[in-house]
Amino acid sequence: MPPFASKEKLDLLSITKPEMERFIHLQGWKPYRAEQILRWIYQRNVTQINDMTDLSIHDRTHLGFIATIKRPTITTVLQSQDGTAKFLIQLHDGATVETVLIPERDRRTVCISTQIGCSLDCRFCLTAKLGLKRNLNAGEIIGQFLSVQDYLEKTYKTPPRLTNVVMMGMGEPLANIEPVRAAIQNMIHGRCGLGLSPRRITISTAGIPNKFRDIVELGVNLAVSLNASTNEQRRTIMPAANKICPLPELLDVCRSLPLPHRRRLTFEYVLLRGVNDSPQDAVRLARSIRGIPCMVNLIPFNEIPRSSYAKPDEATVLAFQNILIRQNIDTYLRKSKGPDVFGACGQLGASTRELLCTMPK
Ligand code: SF4
């Protein structure tokens with residue numbers, strides 16, 4: 001619940017439409033004001049209350065006394081050779097999150113962080129090495145989208161629009177579900193939010209199954225990071241996540257999820273050389289997900305510093321993919337995006353210094 005009664009100014013980016021309606025009611029204003037203000041923020045992209053010119057000067061002054069719009073600031077842009085861009089974004093307490101823009105033919109996907117660091121300890125992931133510093137609030141989550149869109153508008157003569165959102169950046173989204181839910185509600189609201197289709201938003205989880213239904217109810221896509229074909233393997237690769245829910249139970253929950261008509265889950269599988277990439281692993285994986293409406297994204301491991309894991313060779317990856325395809329499982333090979341700026345999957349969390357040292361000159 002937003003701190004309407006607190007001495008701190010209310011961050012208008014952090015509240016949903018029903019919360020805005022309550023706030024407006026408490027000011028004694030007409031109900032239509034709620035949508036009016038939200039439209040300024042999400043559709044007319046103002047960053048200052050004073051720019052909401054269809055509010056009277058008196059109302060703007062009053063609003064400015066009790067509320068603010070806390071937009072985060074991009075401090076560094078690291079441009080990959082493949083077109084991917086990684087943004088270091090500063091929040092109001094000075095903390096930094098990482099956000100990645102992935103342009104592909106007809107879509108521009110923004111990969112958003114939901115926590116600073118992460119409480120889970122997936123062994124293939126650089127963010128895990130940070131530990132959890134803190135959760136992001138809803139404004140800091142949707143603010144990453146707005147900041148990257150602003151960057152595109154300032155950089156290009158004909159600025160492209162962001163088309164897709166994946167919450168696969170730093171952090172486990174389902175461990176911070178309320179701000180994630182509020183940010184999604186503001187992303188998909190047609191009249192006074194960003195107006196994104198829920199089908200264009202994907203939430204990726206290491207596996208906190210008691211929150212899966214919350215995500216399905218929002219109508220957005222759910223991606224579950226499996227990365228193992230046996231429980232023992234998963235316990236080694238993702239110890240904390242597998243402690244929350246062991247692999248067999250996780251698959252049971254996936255099997256019984258009430259997915260809407262013609263929707264399916266995505267299973268992500270990071271391929272680690274000699275660990276989970278054998279033909280036997282592929283056969284076991286195919287067997288364990290049979291009957292679940294799903295597709296599989298294969299992600300050859302992206303190298304990170306001080307890791308004992310390595311990327312499998314191409315032939316091994318293709319052989320793994322072919323076994324799944326022969327079992328009638330839609331399987332896609334995710335191309336690594338932005339590895340030269342540590343912007344690829346599992347690579348977020350390198351310090352700026354570490355990044356700048358590894359950047360191609
Ligand atoms: S893969 Fe995701 S859940 Fe696992 S440690 Fe990294 S950020 Fe956290």
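## Where Val-296 finds its partner

Val-296 has Thr-331 of β14 as its bridge partner. Strand β13, residues 294-300, runs parallel to β14, and three bridges link the two. Strands count as paired if DSSP finds at least two bridges between them. The strands themselves are DSSP runs of E with at least two residues, while helices are runs of H or I with at least four residues, both numbered from the N terminus.

Please keep in mind that this is a predicted model: local features need pLDDT of at least 70, side-chain atom pairs count only at pLDDT 80 or more, and totals for chains, interfaces and linings use all residues. Residues are numbered from 1 along each chain as its sequence is written.

## The chain as a whole

In total, the protein chain has 12 helices and 14 strands. Its C-alpha atoms fill a box of roughly 70 × 50 × 35 Å along the principal axes. The radius of gyration of the chain is 21 Å, which agrees with the value near 21 Å for a compact globule of 361 residues (taken over C-alpha atoms; the rule is 2.2 Å times the number of residues to the power 0.38).

Of the 361 residues, 42% are buried, meaning that 20 or more other C-beta atoms, placed from the backbone, lie within 10 Å of the residue's own.

How values were computed
A residue is buried if 20 or more other C-beta atoms lie within 10 Å of its own, exposed if 12 or fewer, and partly exposed in between; C-beta atoms are placed from the backbone.
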